[in-house]
Amino acid sequence: MGNGIAHVFAQSGFTVTLIDVNAAQLEKAVITINKNFDRQIAKGSITEEAKTKAISNIATATDISTGVQQADLVVEAATENTELKLKIFKQIDEAAPAGCILATNTSSISITKIAAVTKRPELVIGMHFMNPVPVMKLVEIINGYATTAAVTNTIVELSNQLGKIPCVVNDYPGFIANRILMPMINEAIYSLYEDVAGVEAIDNVMKLGMAHPMGPLQLADFIGLDVCLSILKVLQDGFGNPKYAPCPLLVNMVTAGKLGVKSGEGFYVYTVGNKEWVVSDRLK
Ligand SMILES: NC(=O)c1ccc[n+]([C@@H]2O[C@H](COP(=O)([O-])OP(=O)(O)OC[C@H]3O[C@@H](n4cnc5c(N)ncnc54)[C@H](O)[C@@H]3O)[C@@H](O)[C@H]2O)c1
């Protein structure tokens with residue numbers, strides 16, 4: 001997500017410092033950004049000159065303190081882990097200039113909780129980009145409990161400048177995107193678990209009947225079944241409502257290491273070079 005976010009800011013003329021603790025990840029990110037710009041050039045949506053200019057806007061750093069020293073805005077997109085994000089936000093808060101807005105791309109962690117570890121909670125906000133960032137238009141903007149209207153307006157305007165469509169929501173578990181998406185995915189998994197229909201039938205009903213570009217089970221594979229499970233637990237804990245309880249089949253699949261595309265198998269099996277969707281043998 002970090003490389004996609006750097007991509008869209010750089011393309012819109014902002015100077016960006018891409019920070020990662022892992023130098024190899026930074027190298028990989030720069031290669032990915034180059035490839036994604038080349039794809040845009042091939043489609044005719046940008047020129048070679050625009051790519052050169054955008055790439056020249058991107059610097060990299062492995063140290064948070066030096067990376068954020070001159071920033072007007074920091075968009076954090078590190079691994080989805082609460083303790084890690086709280087630690088990173090303390091570091092960013094100490095090193096970033098006064099007045100710098102601190103945004104997080106978290107999918108599920110409370111913005112209010114993140115803001116509370118900083119000395120500037122009014123300047124902390126959620127900026128939830130969708131994957132792949134250069135392609136997807138939505139930015140879900142999440143107001144923490146203390147976020148000021150001026151900060152929200154700045155981030156809305158900025159998102160427009162990036163060519164995105166901002167939607168402002170308040171900070172409750174799952175925000176809007178995952179509060180609606182994850183129960184739908186969970187219900188699809190329950191439908192399979194209760195043998196109401198098979199994997200392909202469930203996905204086809206939603207693709208062909210509801211005009212979803214991807215069925216919910218396939219989408220879950222792309223998001224990562226472990227990520228879906230963890231977000232459902234955030235909803236279940238956050239609302240204390242059993243309607244968000246993850247389907248036992250999802251729990252079993254994650255326990256068995258069937259995490260979707262990233263592990264090679266989830267509801268479908270993913271083999272390199274094969275673009276056919278093949279349902280996992282276990283679920284046929
Ligand atoms: N993947 C998605 O589709 C998606 C969509 C929307 C939002 N998000 C959110 O974006 C964030 C990143 O997701 P991702 O899928 O890109 O994760 P990822 O695990 O692929 O990448 C996270 C990066 O953070 C780096 N990192 C870890 N600790 C760090 C530290 N202390 N300082 C600096 N960098 C550190 C890691 O080296 C890694 O390169 C998460 O909060 C996730 O919930 C992801």
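Which residues does T147 touch, not counting residues up to four places away in sequence? In this predicted model, T147 touches P121, E122, V124, I125 and T152 under that exclusion, where contact means heavy atoms within 4.5 Å. Residues are numbered from 1 along each chain as its sequence is written, and side-chain values use heavy atoms, with hydrogens and water left out. Because the model is predicted, local features need pLDDT of at least 70 and side-chain atom pairs count only at pLDDT 80 or more, whereas totals for chains, interfaces and linings use all residues.

T147 is located in the loop between β6 (138-143) and α7 (149-161). Helices (H or I, at least four residues) and strands (E, at least two) are DSSP runs, numbered from the N terminus. T147 has a relative accessible area of 13% and is therefore buried; buried means under 20% relative accessible area, exposed over 50%, and partly exposed in between, with a 1.4 Å probe and protein chains only. The side chain of T147 reaches two backbone atoms, the oxygen of V124 at 2.8 Å and the nitrogen of G144 at 2.7 Å. The C-alpha atoms of T147 and F267 are separated by 40 Å, the two residues being 120 residues apart along the chain.

The side chain of D171 instead makes polar contacts with the side chains of S110, at 3.2 Å, and T112, at 2.5 Å. A polar contact is a pair of N or O atoms within 3.5 Å; within protein, one must be able to donate a hydrogen and the other to accept it, and residues adjacent in sequence count only if both atoms are side-chain atoms. Apart from residues up to four places away in sequence, D171 touches S110, I111, T112, I142, N143 and G144.

H128 belongs to strand β5 (residues 124-129). Its relative accessibility is 6%, so H128 counts as buried. With neighbours within four places in sequence left aside, the contacts of H128 include T104, N105, T106 and S107, as well as L138, V139, E140 and I142. F175, A177 and N178 are also in contact with H128.

In helix α1 (residues 2-11), seven of the ten residues are buried, namely G4, I5, A6, H7, V8, F9 and A10. Just after α1, G13 takes a positive phi of about 95°. Helix α9 (residues 199-210) has twelve residues and reaches 16 Å from its first C-alpha to its last, close to the expected 16 Å; the expected span is 1.5 Å times one less than the number of residues. V199, I202, D203 and M206 are the buried residues of α9. They cover an arc of only 95° around the axis, which puts them on the same side of α9; the arc is that of the directions from the helix axis to the C-beta atoms. The cover over these buried residues includes α8 (177-193), α10 (216-223), β8 (268-269) and β9 (278-279). L208 and G209 are exposed residues on the face turned away from the buried side of α9. The helix is followed by A211, whose phi is positive, near 60°.

Seven salt bridges are found in a search of the whole structure. One of them joins D38 and K51, with the closest N and O atoms 2.9 Å apart. D38 lies in helix α2 (residues 23-43) and K51 in helix α3 (residues 48-56), so the pair ties together parts that are 13 residues apart in sequence. D38 counts as partly exposed at 36% relative accessibility, whereas K51 is buried at 11%. R120 forms a salt bridge with D93, the closest N and O atoms being 2.6 Å apart. R120 is in the loop between α6 (111-116) and β5, and D93 in helix α5 (residues 82-95), so this pair ties together parts that are 27 residues apart in sequence. R120 and D93 are both buried. In the salt bridge between D281 and K284, the closest N and O atoms are 3.2 Å apart, and both residues are exposed. Salt bridges with shared partners also join E76, E80 and K85 into one network.

Terms used:
Salt bridge = Lys/Arg side-chain N within 4 Å of Asp/Glu carboxyl O.
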